[in-house]
Amino acid sequence: MSDQPDFRGNQKLIVLRDLARSENGKLNETMLISTLDIFGYAFDSTMIRDLLKEIEAAGAVRTTIAGGVIMVAEITREGENHLEYRGTPIAGIPRPSRR
């Protein structure tokens with residue numbers, strides 16, 4: 001096991017947690033960029049879209065392009081289960097601490 005921090009995994013977890021806390025399980029890329037900024041991660045539109053595509057490939061979110069302009073992510077049941085320690089963990093995304 002590496003002693004290096006898993007920044008990419010942490011970024012994915014931050015996104016999933018933010019989506020889970022939202023009223024309808026959906027947030028757009030601008031909102032998610034703001035959340036990642038709070039945690040010290042500087043993202044632009046291309047970077048957040050790439051991150052969301054990685055999380056989507058893992059089955060934790062679905063993405064759409066609203067109005068042909070902005071990406072919107074929605075947490076899936078698999079993403080919710082991952083955060084709540086149900087089912088099989090999603091590779092590449094750490095689970096939240098159990099505090």
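The legends below accompany close-up views of a predicted model.

**View 1. The buried face of helix α2.** In helix α2, which spans residues 29-38, the buried residues are E29, L32, I33, T35 and L36. Seen down the axis of α2, these buried residues fall within an arc of 160°, so they line one face of the helix. The face of α2 that is turned away from this buried side carries D37 and I38, both of which are exposed. On the buried side, the residues of α2 pack against α1 (7-21), β1 (26-28), α3 (45-57) and β3 (70-75).

View 2. At the N-terminal end, α2 is capped by N28, which has a side-chain oxygen lying 2.9 Å from the backbone nitrogen of T30. Beyond the helix, α2 is followed by G40, a residue whose phi is positive, near 90°.

View 3. Side chains of opposite charge can pair when their charged atoms come close. In this model the count of salt bridges comes to six, and one of them is the pair in which the side chains of E29 and R49 meet, with a distance of 2.8 Å from N to O. The pair links distant parts of the chain, since E29 belongs to helix α2 and R49 to helix α3, and the two residues are 20 residues apart. Is E29 buried or exposed? With a relative accessibility of 5%, E29 counts as buried, whereas R49, with a relative accessible area of 24%, is partly exposed.

View 4. E54 forms a salt bridge with R8, in which the closest N and O atoms are 2.7 Å apart. This pair also links distant parts of the chain, with E54 in helix α3 and R8 in helix α1, 46 residues apart. Both partners are partly exposed, E54 at 32% relative accessibility and R8 with a relative accessible area of 30%. The side chain of E54 also meets that of K12 in a salt bridge, at 3.3 Å from N to O. Because E54 lies in helix α3 and K12 in helix α1, this second pair ties together parts that are 42 residues apart in sequence. K12 has a relative accessible area of 12% and is therefore buried. Through salt bridges that share partners, R8, K12 and E54 are joined into one network.

**View 5. The largest nonpolar core.** In soluble globular proteins, nonpolar side chains tend to be buried together. The largest nonpolar core of this model holds 23 residues, and those that touch the most other members are V15, L16, L36, I48, L52 and I55. Which elements give two or more residues to this core? They are α1, α2, α3 and β3, and the largest share, five residues, comes from α1.

**View 6. The surroundings of L52.** L52 is one of the residues that touch the most other members of the largest nonpolar core. When its neighbours within four places in sequence are left aside, L52 is in contact with V15, L32, V61, T63, M71 and A73.

Conventions:
Residues numbered from 1 in each chain as written. Predicted model: local features only at pLDDT ≥ 70, side-chain atom pairs only at ≥ 80, totals over all residues. Heavy atoms only, no water. Buried < 20%, exposed > 50% of the residue type's maximum accessible area, 1.4 Å probe, protein only. Helix = DSSP H or I, 4+ residues; strand = E, 2+ residues; numbered from the N terminus. Arc of directions from axis to C-beta. Contact = heavy atoms within 4.5 Å. Polar contact = N/O pair within 3.5 Å; in protein donor to acceptor, adjacent residues only side chain to side chain. Salt bridge = Lys/Arg side-chain N within 4 Å of Asp/Glu carboxyl O. Core = buried A, V, L, I, M, F, W, Y, C linked by side-chain atoms within 4.5 Å.
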